[in-house]
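Have the viewer open while you read.

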Amino acid sequence: MNGARNLNSRINRLEQTLGTLPCTCPDSADLAWPGHQPDTHCASCGGERLIYPLANHPRSAEPLIRQALPIIEKAFGTDQRADLSTLTDQELHQLKTALQTVEQATTYKRTPIADGDSR
Ligand SMILES: [Zn+2]
């Protein structure tokens, strides 16, 4: 009885510890946009995932920005602010292209709210 309770509390503590560690799986980063908020904890290891917020749905640029996720992850690392100096020129270029494409893909979107604002 006591042993089982000890084991449970040890598992709980382990889960809490794992939950605060960065996720080490390949699926350790994801994108968020309004109306889409992925789980910040990895389903496989319980680790903390990097969720990169976008202002809008990436639309046609989604594959491109997803390809750049490892670069985003590298830039943000374990810290919450981006350190672009850790990126190579090629990675910087890829990230910039992806972000610009997202911007272009979403700029032409007209939402009723945006239309209502531009009077
Ligand atoms: Zn994981």
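## Helix 4, outside and inside

On one side of helix 4, Asp 89, Gln 90, His 93, Gln 100, Gln 104 and Thr 107 are exposed, meaning that 12 or fewer other C-beta atoms lie within 10 Å of a residue's own, against 20 or more for buried and anything in between for partly exposed, with C-beta atoms placed from the backbone. Leu 95, Ala 98 and Val 102 in helix 4 are buried. They sit on the same side of helix 4 because they cover an arc of only 65 degrees around the axis, taken from the directions from the helix axis to the C-beta atoms. An α-helix has 3.6 residues a turn, so residues three or four places apart point the same way.

The buried residues of helix 4 pack against helix 2 (62-67) and helix 3 (69-76). Ala 68 is in contact with Gln 94, Leu 95 and Ala 98, leaving aside neighbours within four places in sequence; contact means C-beta atoms, placed from the backbone, within 7 Å.

## What you're looking at

This is a predicted model, where local features need pLDDT of at least 70 and side-chain atom pairs count only at pLDDT 80 or more, while totals for chains, interfaces and linings use all residues. Numbering starts from 1 along each chain as its sequence is written.

The protein chain has 5 helices and 2 strands, running α-β-β-α-α-α-α from the N terminus. These are DSSP runs numbered from the N terminus: H or I of at least four residues for helices, E of at least two for strands.

## Strands and core

Strand 1 and strand 2 (residues 50-53) pair in the parallel sense over 4 bridges; pairing takes at least two DSSP bridges. Asp 30 has Ile 51 in strand 2 as its bridge partner.

The largest nonpolar core has 12 residues, among them Ala 29, Leu 31, Ile 71 and Leu 95. Such a core is a set of buried Ala, Val, Leu, Ile, Met, Phe, Trp, Tyr and Cys residues joined through C-beta atoms within 7 Å. Strand 1 (29-32), helix 3 and helix 4 each give two or more residues to this core.

Mean pLDDT (the predictor's confidence in each residue, from 0 to 100) is 84 for the protein chain, and 84% of its residues reach 70 or more. Confidence is highest in helix 2, at a mean of 96, and lowest in helix 5 (residues 112-117), at 49.

Conventions
Contact = placed C-beta atoms within 7 Å.
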